[in-house]
Amino acid sequence: MTSRDALVVSDATVVDTGAPWAATTRVVPRDDAPAEITRLKAGDGGDLLVVGSATTWNPLLAQDLVDELVVLVGAGLAGDGARLDAGPPAGLRLLDAQVLPGSQLVRLRYDATPTAG
């Protein structure tokens, strides 16, 4: 966490300047995230990994900024919960499903490129 560049998408988070990851972490508001992800994807920095919620990935999916979506599903009773994809149909194509060794989690990996639908 302290050696990789990180971009936090949040309207409320502020990076503590004394935190070990402060030098490698930037925060952008949600409304600015698609433009920032577009800029990063156009660069030569390699793959981008988004760790977060549907609130974070839905706007990125809607703007065709997601190439692959990995969802971990675990057993639990959480009431109503939130939808994974709240936007228009994303045209996801299942690439594989796997029970993660030593866990009760299932990894679902989807192709999310615009031509996947």
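Modeller: A residue is called buried under 20% relative accessible area, exposed over 50%, and partly exposed in between. Please bear in mind that the model is predicted.

Biologist: Is Lys-41 buried, partly exposed or exposed?

Modeller: The relative accessible area of Lys-41 is 33%. The limits for the middle class are 20% and 50%, so Lys-41 is partly exposed.

Biologist: How many salt bridges does a search of the whole structure find?

Modeller: Side chains of opposite charge can pair when their charged atoms come close. A search of the whole structure for such pairs gives a total of seven salt bridges.

Biologist: How many residues apart in sequence are the parts that Lys-41 and Asp-67 tie together?

Modeller: The side chains of Lys-41 and Asp-67 form a salt bridge, at 3.2 Å from N to O. Lys-41 belongs to helix H1, whereas Asp-67 sits in the loop between helix H2 and strand E3, so the parts tied together are apart in sequence by 26 residues.

Biologist: Which strand holds the salt-bridge partner of Glu-68?

Modeller: Glu-68 pairs with Arg-109, their closest N and O atoms being 2.9 Å apart. Glu-68 lies in strand E3, and the pair ties together parts 41 residues apart in sequence, Arg-109 being in strand E5.

Biologist: Which residues are joined with Arg-107 into one network?

Modeller: Arg-107 meets Asp-96 in a salt bridge of 2.8 Å, N to O. Arg-107 is in strand E5 and Asp-96 in strand E4. Through salt bridges that share partners, Arg-107 is joined into one network with Glu-68, Asp-96 and Arg-109.

Key
Residues numbered from 1 in each chain as written. Predicted model: local features only at pLDDT ≥ 70, side-chain atom pairs only at ≥ 80, totals over all residues. Heavy atoms only, no water. Salt bridge = Lys/Arg side-chain N within 4 Å of Asp/Glu carboxyl O. Helix = DSSP H or I, 4+ residues; strand = E, 2+ residues; numbered from the N terminus. Buried < 20%, exposed > 50% of the residue type's maximum accessible area, 1.4 Å probe, protein only.
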